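User: Hi! I'm new to protein models and would like to learn how to read a feature. Could you walk me through this one?

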Amino acid sequence: MQASSLKIDGAFEFTPRTFPDDRGVFVSPYQEAAFVEAVGHPLRVAQTNHSVSRAGTIRGIHYADVPPSQAKYVFCPRGSFIDVIVDIRVGSPTFGQWDAVLVTSQKCNAVYLAEGLGHAMIALEDDTTMNYLCSTVYTPSAEHGLTPLDPALDLPWPRELEFLLSEKDTAAPTLSEAYEAGVLPRYEDCLALYASLKA
């Protein structure tokens, strides 16, 4: 398992070895030892999520209150998508910046994003499946979103695709609006949470 740090602190890409033969392929998308070595603590899994999307479907930008927020380990059993991590932690050195990873069923790679980061994706082909391991359960009252079409962020959505968004994501505020409203995670709170996970 190869682990690579992304440019946003707290985000990683994991790429496992694949074992193809005439029957198909075997792969382990999540391996605890490699994860702990890269991140510094085990991944507590409280919930797994599964979505299937048409080409052009954008999900996000989603995030949750800190604490406890929700860390995610995301991989692609079928199809392909661009996974985007946005640093929305007020006070972070990379606040307002993002990084993106092409996640595919052929490569079997995965993306991990720590608590307090914003998450979005776009499906590049029909029937793209996204599975993700979540560190906490979904709590509607603690969940928030930002518009993935925020022009100030200029996220890397392929312009040749027709975008499909939920009403909730379409109506979500921009990063600037959420900042002014005081609803974004604070970097200092995130750092305290990360330290507690490594204790």
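Analyst: Happy to! Let's begin with His 62, which sits in strand 6 (residues 58-64); strands (E, at least two residues) are DSSP runs, numbered from the N terminus. This is a predicted model, where local features need pLDDT of at least 70, side-chain atom pairs count only at pLDDT 80 or more, and totals for chains, interfaces and linings use all residues. Residues are numbered from 1 along each chain as its sequence is written, and side-chain values use heavy atoms, with hydrogens and water left out.

User: Which residues does the UniProt annotation "active site" cover?

Analyst: In the unreviewed UniProt entry, that annotation covers His 62 and Tyr 132. UniProt positions follow the numbering used here, feature names are shortened, and annotations may be inferred rather than shown by experiment.

User: Is Tyr 132 buried or exposed?

Analyst: Buried means under 20% relative accessible area, exposed over 50%, and partly exposed in between (1.4 Å probe, protein chains only). Tyr 132 counts as buried because its relative accessibility is 16%, while His 62, at 27%, counts as partly exposed.

User: What does Tyr 132 touch?

Analyst: Contact means heavy atoms within 4.5 Å. Not counting residues up to four places away in sequence, Tyr 132 touches Gln 47, Thr 48, Asn 49, Lys 72, Tyr 73 and Val 74. With neighbours within four places left aside, the contacts of His 62 include Lys 72, His 119 and Asp 169.

Note on methods:
Helices (H or I, at least four residues) and strands (E, at least two) are DSSP runs, numbered from the N terminus.
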